[in-house]
Amino acid sequence: MKSLTLAAGVALVAIPLSTADAAVYSLGGPMSRLCYESALSRDARPVAMENCDRSIREESLTVPDRAATYVNRGILHMVRGHGVDADADFDAALKLDGDLPDAWLNKGFLRIRQGKGREALPLIEEGIKRGPQRQALALFARGVANEQMGNYRAAYNDLRQARELEPSWSMPSEYLARYRVGR
């Protein structure tokens, strides 16, 4: 079965800077599917975490599915506020597949959530370089990182590009509404 990856900036959309919602989702075996569904719905209850753990331990996953499952579990760790565990899962995913754009982006989202825009920016840039599925989400994240660093012109440009790529996604417009362009 082909692994499904999806940039989960969905929660990023829901709550500004709640970037625990950016993620890669995997559909491999039954447990990895449950892990995917939990990450998608931000359900980080203990049973959801156990499904992810069991998938990684017990299922015969392809390398892409295993990497995506680590990212999904990392998202759940972010939702629970366990940044160290989330970071370890994103690192495990990157060790399996260093070209996985969403693993890089999620490491960046974690840094943004921690208010560390300067650390987030190179991670997000790496994810962008590797071709994320949701370019608008990646540009939005870069915009937020730039904003945290005080690079307002770069932030504004990234947010504008994100809005242009996905005009029906409200978050870039909501962030842009805070900007005033002057001469």
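This is a predicted model: local features need pLDDT of at least 70, side-chain atom pairs count only at pLDDT 80 or more; totals for chains, interfaces and linings use all residues.
The protein has 10 helices and zero strands. Of the 183 residues in the protein, 55% are buried. Contacts with a separation of 6 or more were also examined, and residues 24 or more positions apart account for 57% of them.

Two helix pairs are described here. Two packed helices are described by the angle between their axes and the distance between the axes. Helix α3 spans residues 46–58, and helix α4 spans residues 63–80. They pack at an angle of about 155°, with their axes 10 Å apart. Angles over 145 degrees count as roughly antiparallel, so α3 is roughly antiparallel to α4. The crossing of α3 and α4 is left-handed. On the α3 side, the contact is made by P46, A48, M49, C52, D53, S55 and I56. On the α4 side, R66, T69, Y70, R73, L76, H77 and R80 take part.

Helices α8 and α9 form the other pair. Their angle is about 160°, and their axes lie 8 Å apart. The two helices are therefore roughly antiparallel to each other. The crossing of α8 past α9 is left-handed. From α8, the contact involves Q135, A136, L139, F140, R142, G143, N146 and E147. From α9, it involves Y152, A154, A155, D158, L159, Q161, A162 and L165.

Aromatic rings were examined next. The count comes to three aromatic pairs. F140 and Y175 form one of them. Their ring centres are 5.0 Å apart, with 80° between the planes, and the pair is edge-to-face. This pair links distant parts of the chain. F140 lies in helix α8 (residues 135–148), whereas Y175 lies in helix α10 (residues 170–176), 35 residues apart. Buried means under 20% relative accessible area. F140 has a relative accessible area of 1%, so F140 is buried. Y175 also counts as buried, because its relative accessibility is 3%.

Y156 and Y179 form an aromatic pair that is tilted. The distance is 5.7 Å centre to centre, and the angle between the planes is 50°. Y156 lies in helix α9 (residues 152–165), and Y179 lies in the segment after α10, so the pair ties together parts that are 23 residues apart in sequence. Y156 counts as partly exposed, at 22% relative accessibility. Y179, at 15%, counts as buried.

Ring pairs also link F140, W169 and Y175 into a cluster.

One backbone angle deserves mention. Most residues other than glycine have a negative phi. R42 is not a glycine, yet its phi is positive, at about 60°. R42 is found in the loop between α2 (30–41) and α3. The relative accessibility of R42 is 18%, so R42 counts as buried.

Definitions and conventions:
Residues are numbered from 1 along each chain as its sequence is written. Side-chain values use heavy atoms; hydrogens and water are left out. Rings of Phe, Tyr and Trp (its six-membered ring) pair if their centres lie within 6.5 Å; planes under 30 degrees apart count as stacked, over 60 as edge-to-face and the rest as tilted. Helices (H or I, at least four residues) and strands (E, at least two) are DSSP runs, numbered from the N terminus. Buried means under 20% relative accessible area, exposed over 50%, partly exposed in between (1.4 Å probe, protein chains only). Axes are lines fitted to C-alpha atoms, for helices over the stretch in contact, and angles run from 0 to 180 degrees between N-to-C directions. Angles under 35 degrees count as roughly parallel, over 145 as roughly antiparallel, 65 to 115 as roughly perpendicular and the rest as oblique. A crossing is left-handed if the near helix is turned anticlockwise from the far one by less than a right angle, and right-handed if clockwise. Contact means heavy atoms within 4.5 Å.
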